[in-house]
Amino acid sequence: MPTDRMPTIRDIAELAGVATSTVSRALSRPDRVNPRTRQRIEELAAQLNYVPSSQARGLSSGRTNAVAVLVPDITNPFYFDIIRGTQHQLKAAGVTQLLVDTEESNEMELEALHKMRRSADGFILAASRLTDAQLAEVSGTQPLVTINRASASAPTVVIDTPSAIIQALEHLSSLGHHRVCYVSGPPTSWSNQARWKVFEEDSSKRGMETHRIGPFVPKTTSGAAAADAAVRTGATACIVFNDLLAIGMLQRLRERGMRVPEDMSIVGSDDIFGADFCNPPLTTIASPIEQAGRVAVSMLLSQLNPTPGRSSRKLAIMPTHLTIRASTGPAPD
């Protein structure tokens, strides 16, 4: 055998005088090979320093030992923490992570799921933009777990932002705010709709005047348009879909000569890196984002490697809380 290349199962087969398929079975399914033959093959593999190819293992087992993680926007720091959580948990399990940016596109997400069926054993969909029907279809054909996309058809990890929306409204009410505005994110976002529903119901109970503006792309570049629209509503406080959009609003309000929080209070969501040292530091909804990624992996692995007598977890709810900083203050007189 040439010494300038890695040994293969063909090399082992030639030395052992058996078929390559026998070598493959001996190394992947040893119980299906004669013990004597198996021992001879294992000894030769050790002598040659043979390292099994993950692709070959995948062909024999039907597994790729990889999991695909799909996110709508890889540049959003919120997804950094999810990706870090999934990566750590998958690495601990000896599984490779494949990362896909679906660019906030329903079509790209669905296309990636179809194309990667043979490349990944399962999928984690962060803030999926799929419709209920699409999610039901794909979850019926491949193992998957969603994050922040509740559905009856797929196991999910829900970051309970809506409950912290109530905390935010209570905080604003205590500061004397009576006119509040919800700054909406993507129309296809499940969490956006869930937050608005709670915002509308709870602000109404408190007798607040309620406004909704948007939808806006959840990036800082959309903050200027969002800030201008918020000012036109006459609201004295805003709860914003995410921190990036909120930070963009802070910048625009400052350009307009408006003071935060003296003229308008701003509450963000996610408590991303940078939310505590923007100007002013942002009051926001803090979430255990990295932990959500870890839990999603655990739920997916329990589907891929089921334990007899135990059913896989279908729902995990991650608690959130309001972190108060300098972007909220008493309502203007």
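**View 1. Helix α9 spans residues 190-205.** This helix has 16 residues and reaches 23 Å from its first C-alpha to its last, close to the 22 Å expected at 1.5 Å a residue; the expected span is 1.5 Å times one less than the number of residues. Helices (H or I, at least four residues) and strands (E, at least two) are DSSP runs, numbered from the N terminus. Please keep in mind that this is a predicted model, where local features need pLDDT of at least 70, side-chain atom pairs count only at pLDDT 80 or more, and totals for chains, interfaces and linings use all residues. Residues are numbered from 1 along each chain as its sequence is written, and side-chain values use heavy atoms, with hydrogens and water left out.

**View 2. Here are the buried residues of α9 and what covers them.** Buried here means under 20% relative accessible area, exposed over 50%, and partly exposed in between (1.4 Å probe, protein chains only). Among the buried residues of α9 are S191, A194, W196 and F199. The cover over the buried residues of α9 includes α8 (161-174), as well as the strands β6 (179-183), β7 (209-213), β8 (237-240) and β9 (265-270). Just after α9 comes G207, with a positive phi of about 75 degrees.

**View 3. Now look into the largest cavity, with a volume of about 130 Å³.** On a 1 Å grid over the protein atoms alone, a cavity is a set of points where a 1.4 Å probe fits but cannot get out, and lining residues have an atom within 4 Å of a point. Grid points are joined across faces, edges and corners, and a volume is the space filled by probe spheres set on the points. Of the 15 lining residues, F78, Y79, S191, F241 and D270 are the closest to the centre of this cavity. The elements giving two or more residues to this lining are α5 (77-92) and α9.

**View 4. The second largest cavity has a volume of about 40 Å³.** Its lining includes N148, V158, P162 and W190. Two or more residues each come from β5 (156-159), α8 and α9, and α9 gives the largest share, four residues.

**View 5. A225 lies in helix α10 (residues 223-233).** Is A225 buried or partly exposed? With a relative accessible area of 44%, A225 is partly exposed. The C-alpha atoms of A225 and R63 are separated by 48 Å, and these residues are 162 apart along the chain.

Conventions: Contact means heavy atoms within 4.5 Å. On a 1 Å grid over the protein atoms alone, a cavity is a set of points where a 1.4 Å probe fits but cannot get out, and a pocket is an open set with protein on both sides within 12 Å along at least five of seven lines; lining residues have an atom within 4 Å of a point.
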